[in-house]
Structures are given as C-alpha cells and as structure tokens.
2 protein chains.
Amino acid sequence: MKTKALRITNPRLAMLRVLSECKNPISAEEIHKLAGDGTLDLVTVYRNLDSLEEAGVVQRHPIERGKNLYALVSPDHHHHHVICRRCGLIEKLPGCDTIKLEIAAKNQGFTDLTHIMEIYGICPRCSSNPSHE
Amino acid sequence: MKTKALRITNPRLAMLRVLSECKNPISAEEIHKLAGDGTLDLVTVYRNLDSLEEAGVVQRHPIERGKNLYALVSPDHHHHHVICRRCGLIEKLPGCDTIKLEIAAKNQGFTDLTHIMEIYGICPRCSSNPSHE
DNA sequence: ATGAGTGCAAATAGTTTGCAAGCTG
DNA sequence: CAGCTTGCAAACTATTTGCACTCAT
C-alpha cells in the first residue's frame, strides 16, 4: 500500500485506518478527530493528505467553498458522489464518465491526468420537506 | 441577463463586465482587482458571486485546496478545463460528459443537479521543461 | 546516521457575518 | 418607500510555514 517511498509511520497508519473505515469522504478535521489518539497533529494530517494524494492513495473531493473531503482511492473502481446542497448528504455514484475529456486533454498535450468532480443536487428527503433551512 | 430578480447595480455590472472579458475562470480576488474602480469591496464580490452562481449566471471551478475560480456560464455550451499542476495554465476542454452521472443521480432521487469538475495534468511546456518548481 | 516525518506555535488565504447606510425598482 | 445591496470592520475556517526534535530505514 505504501509503494511510493513513503515511510510507514503511526500517524499515517492511523489516518489510513480511519479512511478505510469511512465509506464516504471525510474532512481533514474529521480524520484528525477520528485518528487522533491525542498525539496526532492536524498539521500532520494535512501534510500526509498531500503526500498520499500525490502518491495516488487518496482522492480529494472539493465541496463547498474552501472545503475539501478526502477518501481512499477505490482500488477497484474510481467513482464520484452526489452531494445534497441542503443537508450535505453524500451518496456514491457508479463509475465515472470522464474518459472522453481526459482523452481530449491528452490530445492537447497534457500528461499525468487526474480529475476531480462532484455533482450537487437536492436529495429526496430535502425536496419533499419544504423547510428551507 | 438578470432575469432572476437580481437588481442591476454598478458592482454587478462591473463584475459581469470583467467576467465576460476573461475567457478563463478567474478568482474572486482577481475580479475584485479588475472590476475595482476602487470602490468595489471584495465582500461584495463574494456576495454577488453567490447570487450569480445561484442564479445560474456564473459557474464555480474549485481548483487547488480551498480556492475557487469563477466564470460566466457559457450560454452556448457548458464546458470544463484542464489545469496544469505545475504552472497553473488553464485550457478549455470541449463539451462535458457528465450526463450519465447526472442521470444516475436523478435516479437516486436527487433534483436540481449541477456539477463541478476539473481535470489536472502537466502541460506540454512543463513536461518538456524538467525544472521542477 | 541521515533525512523523511512530526509536533508545536504562529502566520496566511480565502471567505463569511453583523450592522448601518445607500440605491434600485 | 421597502428592501435588496453595499461598504467597512471584524470574525472564522481551512490550510500552510518555520523550526527543532524524533523515528523509520
């Protein structure tokens, strides 16, 4: 799992444990809270999220302005999510369609392609419940 | 252009002018700088980006951690971009493939769908130039 | 032993909120 | 005139940086 010259350390193991236990993307803050045996620093979480993202182990999901969630890259199949604009509910979507666009990007000479993508909407519960929080 | 009960004010006109002159997405800060005849406040830019995004006039493009760029929604065709991870170069990509995913989301009961998506890579110039800044 | 990784403290960057005053419809 | 908008000041949140120390290799 750590094939990219990344050292195996307690903070990293803790983070990966937390990430592997969450089926939905979570924030750095949450990782810190959950993995935190008290000694793990939030700064370390951020730094490791960087390295792990670069190593292709985690995937970043930008949500609302200035926030990001992280999740392990699904070993089997890459996917994305729908996020409810009102209540924040996150659901998985099957597969990913971006191949065409990546090919277009490759044709423009870009290499080493990755992408981020999120779909937003109003979830069933929220749309049936007119309370506009 | 402002069909959604949004008032026509100088700040908004200035912002729309700037946005319409930029073919690539730009940041709130840049809009502020460019539209700023000195009186326009950055806060107003943010507030109007919110209203305009909600009104469907502008589109938000989340890039690196915690940053967002904005662009007018192309009246003709919706599209996305490739962004060079190294130098930040942004290029347009033709069209958008997300329909399948949006259908999947709709099937899960979500309504009012929108999405964000960006592709990252290394641009031709950067990959031929090994200086790893 | 040596440098990647960590914790702590402090700094940034981007964005949001409260409130009184201004301007649009 | 009423209420959407704005400016200003200040608060926040998420993230980054510097530095000395530690631990994996």
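Tutor: A polar backbone atom of B:Thr39 is 2.8 Å from a phosphate oxygen of DNA strand D. The model is a predicted one, in which local features need pLDDT of at least 70, side-chain atom pairs count only at pLDDT 80 or more, and totals for chains, interfaces and linings use all residues. Residues are numbered from 1 along each chain as its sequence is written, chains are lettered from A and ligands numbered from 1 in the order in which they are written, and side-chain values use heavy atoms, with hydrogens and water left out.

Student: What makes the pair formed by B:Thr39 and DNA strand D a polar contact?

Tutor: A polar contact is a pair of N or O atoms within 3.5 Å; within protein, one must be able to donate a hydrogen and the other to accept it, and residues adjacent in sequence count only if both atoms are side-chain atoms. The pair of B:Thr39 and the phosphate oxygen lies at 2.8 Å, so the pair qualifies.

Student: Which atoms of A:Tyr46 and A:Ile8 lie by a phosphate oxygen of DNA strand D?

Tutor: For A:Tyr46 it is a polar side-chain atom, at 2.3 Å. For A:Ile8 it is a backbone N or O atom, at 3.5 Å.

Student: How many residues surround DNA strand D?

Tutor: There are 24, and the closest include A:Tyr46 and B:Thr39. A residue is near a strand or molecule if one of its heavy atoms lies within 4 Å of it. Of the DNA strand D atoms that come within 4 Å of the protein, 66% are sugar and phosphate.

Student: Why is A:Ser51 called buried?

Tutor: Buried means under 20% relative accessible area, exposed over 50%, and partly exposed in between (1.4 Å probe, protein chains only). A:Ser51 has 18% relative accessibility and therefore counts as buried.

Student: Which residues is A:Ser51 in contact with, its neighbours within four places in sequence left aside?

Tutor: They are A:Leu6 and A:Arg12, where contact means heavy atoms within 4.5 Å.
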